[in-house]
Amino acid sequence: MQKNIAVVGAGYVGIVSGACFAKLGSNVICVDVDEKKVESINKGKAPIYELDLDEILSSYRDRIHATIDYKSAIEGSEITFVCVGTPSLKDGGIDLSYVKQVVKNIGRILKDIDKWHDVVIKSTVLPGTSQNILLPILEKYSEKKAGKDFGLSMNPEFLREGTAAYDFLNPDRIVIGSFDNKSKEVLKKLYSDFDCPIIETSLSAAEMIKYASNCFLGTKISFINEIGNFCKEIGVDTYEVADGVGLDKRIGRAFLNSGIGWGGSCFPKDINALICWAKQNGYSSKILDDVVKVNDIQPLKLVELLKKHIPNLKGKKIGVLGLAFKPNTDDIRESRAIPIILKLTEEGAQIKVYDPKAMDNFKQQFPNIKIHYCSSADEVLGSDAVLITTIWDEFKNLDYSGKIVIDGRRLEKAKSAKIYEGVCW
Ligand code: UDX
Ligand code: UDX
């Protein structure tokens with residue numbers, strides 16, 4: 001079902017959602033404060049690296065544009081998606097300032113619009129936020145009533161970085177949390193081309209589905225890492241255990257890859273945010289606290305294993321293959337390579353790193369750490385030992401023979417090393 005759509009916030013969620021809505025036939029106008037992003041989109045160029053995004057943007061240039069001007073974008077649309085970031089605060093909670101500012105701007109514009117308009121929150125916000133914080137702001141600044149003069153829905157995204165366009169177009173489910181029936185019907189029509197289940201629920205339940213999903217995925221990984229730490233003690237390969245466990249349809253093999261743990265901009269942010277939210281509401285999380293604790297120790301297990309073979313790291317050349325939090329992205333947010341490199345620095349090692357995409361970001365974030373940035377993966381192999389922290393395709397064809405390799409991510413080819421140790425296998 002085609003619509004005129006405004007998307008506020010052209011980050012990896014906003015631009016991917018907007019591009020995919022355009023691909024499905026809607027007219028999309030993205031709004032962003034970052035003029036470079038606006039310019040890039042209007043040239044049909046993706047402002048971020050995401051698989052297929054460039055191709056989609058250039059193929060549907062007639063249906064997707066960008067602007068810094070809220071008013072023209074929202075007045076010319078029937079639905080406005082809010083996709084600005086919700087970064088973590090120091091206490092683990094989320095910074096709602098961007099979302100609140102955007103919703104205030106939308107409210108002010110709705111005041112002068114005399115036709116029905118749907119506001120859809122896609123940004124990840126904690127349970128109760130849309131109902132208790134964003135809805136009152138919209139009503140206050142529009143001087144109108146939700147459900148009567150405008151609609152409010154919450155439609156979370158389940159996009160993985162690097163495959164976000166694929167994930168948008170091939171969802172397992174679509175979650176529509178609505179304040180009112182009219183806005184629910186509008187979104188159901190918008191998503192009517194998809195053949196997956198559509199969950200119709202409340203605003204708060206939709207918010208909780210997003211957090212519960214990410215928290216469960218993080219829990220599943222920390223679970224297999226705990227089992228992996230037991231397996232390592234008894235010389236069992238956790239991947240064989242995961243294969244056996246994962247065949248149970250109630251469990252599933254996905255997200256049972258043990259290793260040095262989860263990073264990225266979402267799992268750490270969302271899991272810590274729900275823990276913080278629980279505490280602020282007088283509930284105490286137990287499982288989630290330990291999920292984070294297991295994840296925090298996992299990278300250091302790789303250094304402990306290294307020290308089994310080279311007890312004194314001072315002055316030793318230690319190679320690190322991979323800086324991005326996962327392959328096919330340049331994103332180093334909460335990358336597991338960070339605590340590993342900080343620990344190696346503490347131990348006085350001479351660190352040599354290589355990552356095909358993430359070295360610039362690493363240099364930018366850690367300008368003061370003494371690291372030798374190599375120009376190739378092969379150069380890293382000229383070390384006393386090599387740690388595998390991200391599995392890029394190009395690491396799969398290196399010659400590890402004669403080397404000491406400590407593997408945090410399961411690189412099969414590295415098993416040919418003179419000495420090979422896996423963190424959980
Ligand atoms: C998304 C979701 O919005 C967030 O809730 C989820 O937790 C992670 O994924 P993301 O797309 O990664 O966030 O956000 P980001 O990459 O920071 O992009 C947000 C965009 O909004 C940026 O381009 C920023 O310039 C823009 N923005 C931010 C505005 O246009 N206006 C603002 O007031 C703030
Ligand atoms: C995640 C969720 O998958 C996605 O649904 C949500 O919308 C955003 O957060 P993302 O963070 O982009 O997506 O990456 P993902 O592929 O989930 O990996 C997250 C981290 O978990 C990575 O550091 C990865 O290395 C790690 N991981 C993943 C494991 O350690 N083991 C696994 O089995 C899977």
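**The cysteines**

How far is the sulfur of C424 from the closest cysteine sulfur, and in which residue does that one sit? The partner is C231, and at 7.9 Å the two sulfurs are too far apart for a bond. A disulfide is a covalent bond between the sulfur atoms of two cysteines. Here the working cut-off is a pair of cysteine sulfur atoms within 2.5 Å, and a search of the whole structure turns up zero of them. C231, then, is in no disulfide.

Both residues are tucked away from solvent: C424 is buried at 0% relative accessibility, and C231 is buried too, with a relative accessible area of 6%. (Buried means under 20% relative accessible area, exposed over 50%, partly exposed in between, with a 1.4 Å probe and protein chains only.)

**About the model**

This is a predicted model, where local features need pLDDT of at least 70 and side-chain atom pairs count only at pLDDT 80 or more, while totals for chains, interfaces and linings use all residues. Residues are numbered from 1 along each chain as its sequence is written, chains are lettered from A and ligands numbered from 1 in the order in which they are written, and side-chain values use heavy atoms, leaving out hydrogens and water.

**Ligand 1**

Ligand 1 has 17 residues around it (a heavy atom within 4 Å), and D32, K37, V84, T124 and K269 come nearest. That shell splits into seven nonpolar, six polar and four charged residues. (Ala, Val, Leu, Ile, Met, Phe, Trp, Tyr, Cys and Pro count as nonpolar, Asp, Glu, Lys and Arg as charged, and the others, Gly among them, as polar.)

Now for the polar contacts (N or O atom pairs within 3.5 Å; within protein, one must be able to donate a hydrogen and the other to accept it, and residues adjacent in sequence count only if both atoms are side-chain atoms). The side chain of D32 has an N or O atom 2.7 Å from a ligand 1 oxygen, and T86 does likewise with its side chain at 2.9 Å. T124 uses a polar backbone atom, 2.6 Å from an oxygen of ligand 1.

**Ligand 2**

Around ligand 2 there are 19 residues, with L159, E161, K210, N257 and G263 coming nearest. Backbone atoms feature here: E161 puts a backbone N or O atom 2.6 Å from a ligand oxygen, and a polar backbone atom of N257 is 3.0 Å from a ligand nitrogen.
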